[in-house]
Amino acid sequence: MSRTYHTQDFVYAGSNQRTALRQQLAVAEHYRTLHHKRRAEIERSYAEATGELARAILPGFTLEILQRAAALTGYQRPIAEDALGAMERERASLKQRIAQIEADPRFAQRELLRHPSTGSLTRGLREIEEMIAPMKDVLERCQHVRLGRLIESGYGTPEYGTAFWRLSYYRDWEAADDILERFADKQVFSEVRDEYLRAFQAYGPLDAERARISAEIAAGEALEREHQARSQALATLAARWLEQVRRATVTFLFECPPGALGSRLSKDAEVELLFKRAAGLYHKIKYLDAIVQYQVDAFVFDAKKALAKIDKDLTKYRRAKHVHTRFPAAMFERRFRDRSATYQKRWQRFEKTYTRVYAFDRWDRAHLDNDLLWWNVMTDGRVAGDFIAEVHEFHRARPGYVYTRKRSDRDAYEREEAEEMADAAHTLEDPVDGLLDPS
Amino acid sequence: MALTEAEGCEVLDACFRRAGLDVARNVVFDERGIKVTLDGWDAKARVGFELITTEAGDRAEFTPDVVAALEERMEAEELFLFLVDEQDVPSAEVLEQAAERFLALLRDQGTLA
């Protein structure tokens, strides 16, 4: 009779498996955290590299520099579209508008007009606001939903004609009493009415004057802001144009097939190396993301699924009705076999691939031709990378392609790799060895 | 109006009765060429009320001419009708308070005891 396992065996083995999975998830989470940190660091290096590349190609913004850059990179647009002329046209337009603003009395006399304490408009506005304030107070105190009707019907005067048998007579009465209560110095509503009408008649023209002065102040302030913005634009004109052309040039280089760039950039070894560095860092980010996605994220997904299943089964087999359930040995032992070696192997493989790409900095090894695949350069063609879309597509488009290893001797390759990784470990905040330590 | 015609009439009916009036509801008033149905009317005191609502079709009956004729009789102190337009009634409390004031005025001028 073949051996079977009891439910208590299942619960024991399942609990152990759950603990092991959780430990492995913690390892995966550690790798993810480390990757985010390193990714940010590479992004900073990439930004620096593209900046240095752009500055090396375009150290300034003169016709001579633009022509040399066009010859080196093949990017002709700044010359063809006369970027220098466009910049000069912008300069002329900015200067013209600035002169216009400076000639405008609203700007030229800004201190006289809008000085916070002595400006004529500022003072005028303050005076009108002081004059308006008591009227505004009366008008605000008279606010009532029936005020319009009380004024129109002549409530409080002999003209009021609503008879006492109409409900509206009592509603007017109540409203007038409500308003009168807000004026301690008034005895009857007719006094409030007179004051309201006086305030109302005077308020309109004063309020219009206040609006006029406010609009004049706002227009003057808008001119000041425009003057400031345009002066700033003029001061930064050359730098902005240079930056714009630098950005466009680098974008062009990145969009160019490497084969087309190789012969051009070879004329300037410094620029060529800077370009390789920037392009290599760009690919490094992409590859590291893909490695983490393929080897860590996928593991996390599967491990969480397995955890959910074991949790469900543990709940099930802890119930009394399953106390006599028996599990066939083959199934039980397959399910709860020790996977620690598999996990260890997986993480070692991950670390080796990740660190190989992360530590790579031999940008000079890339050859700018149409068979350039940074993955092969970084791994010396020794790591299968078909899980990366770019690598997969490269091989699909080149059936039978074989990468020529730069280091044919495997021992030499591994020695060099170890040295590079050790270098990376020393120069990094988190040593590469730290990958193994999830604590 | 926050009140229905029936609710408004109940409020007025209660006020008028508290004031000692013997109010009959939905009374046909037919005098000197004026013929209308009043919501409340004490024929002896010649005091009543009318809540003019669209709901009850009052606007067809209480035309501006009819109201003017009734007001002419009130000016002559021959009768007193508390005229309430539904558009002027936000709540039962406001209606009740106004009716109390109307009845107090009638008492002040000696129309009611």
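The model is predicted, so local features need pLDDT of at least 70 and side-chain atom pairs count only at pLDDT 80 or more, while totals for chains, interfaces and linings use all residues. Residues are numbered from 1 along each chain as its sequence is written, chains are lettered from A and ligands numbered from 1 in the order in which they are written, and side-chain values use heavy atoms, with hydrogens and water left out.

Q: Why is the pair Arg146(A) and Asp88(B) called a salt bridge?
A: A salt bridge is a side-chain nitrogen of Lys or Arg within 4 Å of a carboxyl oxygen of Asp or Glu. The closest N and O atoms of Arg146(A) and Asp88(B) are 3.3 Å apart. That value is within 4 Å, so the pair qualifies. The rule finds three salt bridges across the interface of chain B and chain A.

Q: Which elements of chain B each supply at least two residues of the side that touches chain A?
A: They are α3 (64-75), β4 (80-85) and α4 (92-108). Helices (H or I, at least four residues) and strands (E, at least two) are DSSP runs, numbered from the N terminus. The largest share, eight residues, comes from α4(B).

Q: What makes residues on this side of chain B nonpolar, polar or charged?
A: Ala, Val, Leu, Ile, Met, Phe, Trp, Tyr, Cys and Pro count as nonpolar, Asp, Glu, Lys and Arg as charged, and the others, Gly among them, as polar. The side of chain B that touches chain A divides into 15 nonpolar, two polar and four charged residues.

Q: How many residues does each chain bring to the contact?
A: Chain B brings 21 residues and chain A brings 13 residues. Contact means heavy atoms within 4.5 Å.

Q: What is the area buried between chain B and chain A?
A: It is about 1,400 Å², and carbon and sulfur atoms give 63% of it. Buried area is the accessible area (1.4 Å probe) that two parts lose on being put together, summed over both. Asp88(B), Arg101(B) and Leu105(B) supply 38% of the area that chain B buries against chain A, more than any other three residues.

Q: Why is Asp104(A) called buried, but Arg106(A) partly exposed?
A: Buried means under 20% relative accessible area, exposed over 50%, and partly exposed in between (1.4 Å probe, protein chains only). Asp104(A) has 17%, so Asp104(A) is buried. Arg106(A) has 37%, so Arg106(A) is partly exposed. Their side chains meet in a salt bridge (2.8 Å, N to O).

Q: What makes Glu224(A) and Arg114(A) a tie between parts of chain A?
A: The side chains of Glu224(A) and Arg114(A) meet in a salt bridge (2.8 Å, N to O). Glu224(A) lies in helix α10 (residues 189-235) and Arg114(A) in helix α6 (residues 110-114), so the pair ties together parts that are 110 residues apart in sequence. Glu224(A) is partly exposed at 29% relative accessible area. Arg114(A) is buried at 11%.

Q: Why does the pair Arg25(B) and Glu10(B) tie parts of chain B together?
A: The closest N and O atoms of Arg25(B) and Glu10(B) are 3.3 Å apart, and the two form a salt bridge. Arg25(B) lies in strand β1 (residues 24-31) and Glu10(B) in helix α1 (residues 5-18), so the pair ties together parts that are 15 residues apart in sequence. Arg25(B) is partly exposed at 31% relative accessible area. Glu10(B) is partly exposed at 47%.

Q: Which residues are joined into one network by salt bridges that share partners?
A: The network joins Arg146(A), Arg149(A), Arg171(A), Asp172(A) and Asp88(B). Over all chains, the rule counts 44 salt bridges.

Q: What makes a set of residues a nonpolar core, and which members touch the most others in the largest one?
A: A nonpolar core is a set of buried Ala, Val, Leu, Ile, Met, Phe, Trp, Tyr and Cys residues joined through side-chain atoms within 4.5 Å. The largest has 78 residues, and Leu53(A), Phe61(A), Trp347(A) and Trp374(A) touch the most other members. Helix α13 (residues 269-317) of chain A gives the largest share, 20 residues. Apart from this core lies another, of 43 residues, including Leu167(A), Val66(B), Leu83(B) and Val89(B).
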